[in-house]
Amino acid sequence: MRSNIDIEKHVKGESQFIDDFVVPEGTLYAKAFDSTIAHGKIVSIDIEEAEKLTGVKGVFTSKDIPGINQVGGIIQDETLFAEDDVRFMGEPIGMVVADSMEIAKKAVGKIKIKYEPLPAITDPREAFEKNKLIIPPKIFSMGDTEKAWKDCDVIVEGKVETGGQEHLYLETQGAIAIPEEGGKIKIISSTQSPTAVQRAAARILGTDMHNIEVDVLRLGGAFGGKEDQATHWGVMAALAASKLNKPIKLVLSRMDDIRMTGKRHPYSSDYKIGLTSDGKILAYEATFYQNAGAVADLSPAVLERTLFHATNSYFIPNVKATAISCKTNVAPNTAFRGFGGPQGKFVIEAAIHKATQKIGIDAWEIQKKNLLKEGQSFYYGQKAERCQADRCWDQAVKEFNFEKTRNEIKKFNEGNHQFKKGVALMPICFGISFTNSFLNQASALVHIYTDGSIGVSTAAVEMGQGVNVKIKNAVAKTLSVDISRIRIETTNTTRIANTSATAASSGADLNGNAAILASKNLLDRLLSTAAEILDIKDKNELSIQYDFIFHKGNKTSLQWNELITKAYQKRISLSSQAYYATPDIYFDKTKNQGRPFAYHVYGTAIITATLDCLRGTYTIDSVKAVHDFGKSLSPVVDRGQAEGAITQGIGWLTVEEVAHSKEGKLLSNSLSTYKVPDIYAAPKEIEVIFLEDSENPYGPFHSKAIGEPPLMYGIGAYFAILNAMEAFRPNEDFEIAAPITPERVLLSLYSKTKKRVTVPN
Ligand code: LUZ
Ligand code: MOS
């Protein structure tokens, strides 16, 4: 088993991040300055005193941009530096460049900006009422919910909230820009999307993309936070480098990063669910109000993924889901592991939970009864293929002995008053592919050097998720050479053009497949060459195994290095570029029907929690999951991804609370006011079983994507805690916004009246 190839360097502190690179002589330091109000007009910007400070080399605002002041990805609604108005606290207005970061910081303190404040909106429903939308509402539907309500024995409605989430990548945003000959600028960036940085830098500088080279070694975490929002900092560094003709380093402090960058989208949602008396779901409607923040960023795509995952892993014959992207005066919310999927899934789980109270059966009865079956249709038209929903569920219930867990919890709760235990099951089903079909493409460039060593470039960005070791394994397997021969190179826009972001859990799929294709080209050439050397007519009788050439399964004397040397002398190309585009995917955006995903990832987790009913505090005791990894390209990496995602998901729903004041000021602006899951918040036990016999023709060597899906097991933590609360107050109808913080638990446990929320019609 190969672990993440970066692990050893990480442990020894040898891994290099932006802030570790040795910068060229004469490097200057840039720091952005930003709006101190959430909404308003800029009356004046006074930079005079800042400019006078010794060591300050320049102060730049929107007026200094030679190209177009625009960094919007999906919609062109985002300036690099604010022009006439500001739309969120933390919106960049300009930057100072100085001999040192200390001087730059000091200079920023001397900049005086006068504003004319305007009312700020932080609540998505308020934005909706005032018609402040990023895009028109999107509706996905199947069947006829209006008709179906009549057939339902039970109909329940409700309103639920999920909160934001700070990415808290260990490495903050940053970049180094180096001016090169002939107006070219090289940007070393901590981005998931090198081409996004390249494209925006070219636009801002008013130059061609071939004049910008973006290079990425690795990121110290990203989680979606560097899919769109690493761009600004790379572009600012490039702008300063171009203006001053000096290398520029721009790395955000933690507080700048938390204040100026967006987070997971908070959602406020309404649902209505209709079932038969024995728990069959007949109809489901949901309306999602997404808090997009001040500009579009990736919000429309996130919104769409919410719709795709609104029914989780259930088959529901009649569904209508409406999603509304609401423009508010907070930092633009952005991609975050799961990308709107978790927000969609939470609502259906909340609806099922609410239905249990009316029907009087347990949530898992309803969940199990409605699991998607092979060949049934998702409500966006795609049919479930190689559906693993039941298999994962059944295996989890059996292998983790759910019956026993339930009985133990029941017994515990009967014998305890202060402490109560709770349990929840959480099935997941997550679609793999960018929902914008065109993004599902990648390319790879593989070189074999004359000494037999191999260099591999792809569009994949290593951010701790282990994509490099997976690609290494895929190339080693294809060429049948030892993994030590292979080096995975930096991600570089000059070597690999037009990269899609390493995102949507698809980095290893897309780039792994491209690398396999390139390797197959080389293998084909090498076997032809070997056939010539060995004087064998049919090259298909040859294979490479463990560095030697085999003929009909017998080892020949021809070894890898010798073959490479001879191929070189015979003028056979030892380089190959290959392109991969996911086949069989399409989506009609006018009908909202199609086959948007190459495949789905399934799984089921059982989550248990213990609640201290006196204090409102709780522990997540265990998360036990059967997860569909396909045929893993790296079991250790995949297990690590699952465990990390589970913990991150639990954090989102339990302790991580993004809070803004009414005026739009981020209150949870540092690690003393924003709680991230520590070892106490993490589950005491995580056990992940690999589902066996899962085929996936779309994944490299039948592997499946891993990055995002397991995060959604964390949703079960919310319901396990709720389940424990209900053991303490059995007839209570708790309505608790997520995250279900200890504070909210405590207040709810002892509130006198049921907090019912009326649902608007
Ligand atoms: N990014 C994106 C994503 O641009 N499109 C997607 O569908 C997606 N899905 C998950 C995570 N990032
Ligand atoms: Mo994305 S949330 O960067 O996979």
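Start by selecting ligand 1 and A504: a nitrogen atom of the ligand sits 3.3 Å from a polar backbone atom of A504, a polar contact, meaning a pair of N or O atoms within 3.5 Å. Taken alone, ligand 1 exposes 290 Å², and the protein buries 96% of that (areas by the Shrake-Rupley method with a 1.4 Å probe). This is a predicted model, where local features need pLDDT of at least 70 and side-chain atom pairs count only at pLDDT 80 or more, while totals for chains, interfaces and linings use all residues. Residues are numbered from 1 along each chain as its sequence is written, chains are lettered from A and ligands numbered from 1 in the order written, and side-chain values use heavy atoms, with hydrogens and water left out.

Now click R305: one of its polar side-chain atoms lies 2.8 Å from a nitrogen atom of the ligand.

Which residues are around ligand 1? Select E227, R305, F339, F434, T435, L439, A503, A504 and E708; each has a heavy atom within 4 Å of the ligand. That shell splits into 5 nonpolar, 1 polar and 3 charged residues (Ala, Val, Leu, Ile, Met, Phe, Trp, Tyr, Cys and Pro count as nonpolar, Asp, Glu, Lys and Arg as charged, the others, Gly among them, as polar).

The structure holds 4 cavities of 30 Å³ or more. On a 1 Å grid over the protein atoms alone, a cavity is a set of points where a 1.4 Å probe fits but cannot get out, and lining residues have an atom within 4 Å of a point. The largest cavity has about 120 Å³ of space, the volume being what probe spheres set on the points fill. Its lining has 14 residues, with E78, F88, P92, H232 and M260 nearest the centre. By class, that lining has 7 nonpolar, 4 polar and 3 charged residues.

Hop to the second largest cavity, at about 80 Å³. Select some of its lining, including Q382, R386, Y599 and K704; the classes here are 3 nonpolar, 3 polar and 6 charged.

Definitions and conventions. 1 Å grid on protein atoms, 1.4 Å probe; cavity = no way out; pocket = protein on both sides within 12 Å on 5 of 7 lines; lining within 4 Å. Polar contact = N/O pair within 3.5 Å; in protein donor to acceptor, adjacent residues only side chain to side chain.
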